[in-house]
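These are my notebook entries on one protein chain. I ask the reader to keep the sequence and the model in view while following them.

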Amino acid sequence: MPFRTRTAVSGAILATAAVLLCPAAAAARPAAAPGATPGWSAAPAPADGAAPSTRDRPYFYLAGAPGTVMNDRVSLRNPGGRAVTVRLRGSGGWLAFAAKEVTVPPRTRATVPFTVTVPPDAAPGEHSAALVATAGGTGRGAAGRDTVPVHLRVTGPVLAALTVENVAVRGRGGAAVIRYTLVNRGNTVLTPRLAVRADGLFGPVLRRAARTLPDRLAPGQSADLTETWADPPGLDAVKVRLTVTADGGAHGSATASYSALPWGVVAGPAFLLAGVGGLVAVRRRRRAKGTGDGRGGEPVCSGDGAARPPAGEAAGPAAELAGSGSGARA
């Protein structure tokens with residue numbers, strides 16, 4: 001967006017009082033050296049054309065719906081004895097000036113109108129920019145730069161929506177790293193808060209209360225972030241849950257699984273299964289070799305139908321008796 005988002009500032013549509021030097025603005029600018037000619041300055045112009053005073057506003061504040069055009073004026077004051085040429089620009093593309101360069105005569109002031117155009121797709125909420133005035137010259141107090149803040153409130157319904165996605169937990173040495181992505185699904189700027197918890201087979205192993213993250217998310221913006229877990233369990237199956245919240249009722253959560261097992265616990269059963277499998281394979285090969293050549297333990301039948309023992313085995317008593325009987329008949 002052309003404007004940077006800022007913390008909410010309450011107020012109505014454009015305050016018509018004006019300022020040049022209020023205490024806050026004077027404190028932000030360096031004091032002139034004793035006897036030096038005061039330098040030029042820029043400030044919001046009064047609406048009635050009067051000279052700015054310490055009761056005036058220190059910054060611009062405007063409010064409007066998407067698509068509206070708002071008007072205001074900046075006052076350039078030159079109290080010195082030499083003319084100063086000042087160039088004007090806005091830090092965002094929403095500002096447009098009636099003149100981008102103005103020459104201010106000595107001991108006078110010039111007022112320059114400008115407009116702020118709110119894009120039709122601007123997100124509701126508070127936004128900020130700045131009006132920047134710069135000048136160059138050789139006279140004392142002629143060169144320099146002055147900046148006036150511009151606060152803008154875009155009106156309209158506000159939707160706060162936040163999701164946490166792509167949660168993954170990976171071990172790293174003796175620690176673990178939790179990776180995740182935050183996505184602003186609404187139309188307003190969010191400052192997320194994150195809470196982390198993890199539960200193992202025997203109960204909770206990690207509890208981190210919600211804390212504010214340093215990153216602010218504009219509408220549609222996403223951020224890839226990490227959390228370091230210094231002391232995860234060495235032997236457990238863990239479910240990690242991340243919960244994010246933000247102002248406006250935004251809420252989201254997601255989980256990921258993490259298994260922590262020492263190498264020996266995993267390798268021992270694997271080697272045992274491999275050994276058992278190898279033993280079974282050897283026994284099967286031996287059985288196949290013993291039966292593949294027809295020399296198993298089954299009896300072999302002769303041509304006359306008489307059963308003969310397998311080769312290499314001695315004849316039993318019944319065979320010997322049969323042999324002697326046939327010899328007697330001969």
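**Entry 1: a pair of strands and their sheet**

I looked up β11 and found that it pairs with strand β12 (residues 175-184) in the antiparallel sense, over nine bridges. Strands here are DSSP runs of E with at least two residues, and helices are runs of H or I with at least four residues, numbered from the N terminus. Two strands pair if DSSP finds at least two bridges between them. Strands of a sheet pair through backbone hydrogen bonds, either parallel or antiparallel. Within this pairing, I noted that Glu 165 stands opposite Thr 181 in β12.

I must record that the model is predicted: local features need pLDDT of at least 70 and side-chain atom pairs count only at pLDDT 80 or more, while totals for chains, interfaces and linings use all residues. Residues are numbered from 1 along each chain as its sequence is written, and side-chain values use heavy atoms, with hydrogens and water left out.

I then asked which strands make up the sheet, and in what order. The sheet is open and has three strands in the order β11-β12-β15, with antiparallel pairing. β11 (162-172) and β15 (222-229) stand at the edges with a single partner strand each, so one side of each is left without a neighbour in the sheet. Neighbouring strands of this sheet are turned by 20° against each other on average, direction ignored. For such angles, axes are lines fitted to C-alpha atoms (for helices over the stretch in contact), and angles run from 0 to 180 degrees between N-to-C directions.

**Entry 2: Glu 227**

I turned to Glu 227, which is found in strand β15. Is Glu 227 buried or exposed? Glu 227 has a relative accessible area of 5% and is buried; buried means under 20%, exposed over 50%, and partly exposed in between, with a 1.4 Å probe and protein chains only.

The side chain of Glu 227 makes polar contacts with the side chains of Arg 208 at 2.8 Å and of Arg 211 at 2.6 Å. A polar contact is a pair of N or O atoms within 3.5 Å; within protein, one must be able to donate a hydrogen and the other to accept it, and residues adjacent in sequence count only if both atoms are side-chain atoms. Not counting residues up to four places away in sequence, Glu 227 also touches other residues, including Ala 176, Ile 178, Tyr 180 and Leu 194. Contact means heavy atoms within 4.5 Å.

**Entry 3: aromatic pairs**

I asked how many aromatic pairs there are. Rings of Phe, Tyr and Trp (its six-membered ring) pair if their centres lie within 6.5 Å; planes under 30 degrees apart count as stacked, over 60 as edge-to-face and the rest as tilted. By this rule there are three aromatic pairs. The rings of Phe 97 and Phe 114 have centres 5.7 Å apart and planes at 45°, so this pair is tilted. Phe 97 lies in strand β6 (residues 95-97) and Phe 114 in strand β8 (residues 108-117), so the pair ties together parts that are 17 residues apart in sequence. Phe 97 is buried at 15% relative accessible area, and Phe 114 is buried at 2%.

The rings of Trp 229 and Tyr 258 have centres 6.1 Å apart and planes at 50°, so this pair is also tilted. It links distant parts of the chain, with Trp 229 in strand β15 and Tyr 258 in strand β17 (residues 250-260), 29 residues apart. Trp 229 is buried at 0%, and Tyr 258 is buried at 11%.
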